[in-house]
Amino acid sequence: MNRSETLASLHLSARRRLADAGIESSALDARLIVEHFTGTSRTDAVLRPDAPVADTIAREIEAALDRRISGEPVHRILGYREFYGMRLSLSTETLEPRPDTETLVDAVLPFVHETAAGEDICRILDLGTGTGAIALALVTQEPRAVAVGADISDDALATAAANAGHLGVSARFSAKKSDWFSHIDGLHHLIVSNPPYISSSEIEDLQNEVRNFDPRRALDGGPDGLEPYRTIASGAARHLEKDGLVGLEIGHDQRHDVTSIFERAGYELLSHYKDLGGNDRVLVFRLQARPDGSKKTAWQRK
Ligand SMILES: C[S@@+](CC[C@H](N)C(=O)[O-])C[C@H]1O[C@@H](n2cnc3c(N)ncnc32)[C@H](O)[C@@H]1O
């Protein structure tokens, strides 16, 4: 790039560099990078194409394009990713939240609203919270909801707490260090989790962008990818309110395995959901045992 750049020339050269390097999403990634480092929007690119861009900024963009070309995902370079309409900061030990995970939020949100309407509160536990994505989406959508976001990573917990602060929901979100349930107290109406669910041996086959930039601890579900589900199935009942639910993201081929793990632990599958790509992605369970004969709520009968 030469050193007397305008917004339009930078957009064009960035797009060309990424396309020439064979980056699949070159147009989008180039736009996101240029907008981020110049602090401009799509409207600026249309209304002020000749706006001059300082050399220092052009050099930052060049460095970001180099990182993208060497395989780093664009949102890692930007340091944030949008999830459920929120801008969430990322850090070294957080997974980039994925659009598929929004399916889990959509699946449990009606229950969160219903519980909050009936109880004036809905207590949520998000196991393996990462950036806080799932818990923060739920508490921002339901003002009476409160959430504990648990993770084993200090870095992830600090990031989740900072994200809660930026979203103005710190009073209703607490980040808690816990090895799954090890440091969790109290009863929750809803337990949600998108645990690591890739088998250890499959991790080496993942796309470079996932394997090299998402933290291994966020991906590795043990020898068969199911270990975290076994741990959650065996511990959840001690932390669930009566009539509480467990909502889980799963790998596309794990519906039957995860269902039998939870059925063996005394749960029944209430519903399952596919992601936008048509893959099995979310399971919602409730405890089978109902010794007091209490009825399912309207939401649970749907
Ligand atoms: C697939 S990521 C999900 C992150 C986030 N919930 C999301 O959906 O974007 C799994 C998360 O589980 C956390 N984790 C891994 N092992 C854990 C454990 N033993 N106890 C608690 N959290 C754990 C990882 O640090 C990571 O943040």
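## Basis

Because the model is predicted, local features need pLDDT of at least 70 and side-chain atom pairs count only at pLDDT 80 or more, while totals for chains, interfaces and linings use all residues. Residue numbers start from 1 along each chain as its sequence is written.

## The sheet

Seven strands form an open sheet with mixed pairing, in the order β7-β6-β5-β8-β9-β11-β10. β7 (173–177) and β10 (267–274) are the edge strands; each has a single partner strand, so one side of each lacks a neighbour in the sheet. Strands (E, at least two residues) and helices (H or I, at least four) are DSSP runs numbered from the N terminus, and two strands pair if DSSP finds at least two bridges between them.

Strand β9 (residues 240–249) pairs with β11 (residues 280–287) in the antiparallel sense over five bridges. E249 stands opposite V282 in β11.

## The ligand shell

The ligand is surrounded by 21 residues, the closest being P97, G128, G130, N194 and A218. A residue counts as near if its C-beta atom, placed from the backbone, lies within 6 Å of the molecule. α7 (133–141) and β6 (145–151) each supply at least two residues of this shell.

The UniProt annotation "binding site", from an unreviewed entry, covers N194, P195, P196 and Y197. Positions follow the numbering used here, feature names are shortened, and annotations may be inferred rather than shown by experiment.

N194 is found in the loop between β8 (188–193) and α9 (208–211), and P195 has its place in the loop between β8 and α9. N194 counts as buried because it has 26 C-beta neighbours inside 10 Å. P195 is partly exposed, with 19 other C-beta atoms within 10 Å. Buried requires 20 or more other C-beta atoms within 10 Å of the residue's own, exposed 12 or fewer, and partly exposed lies in between, with C-beta atoms placed from the backbone.
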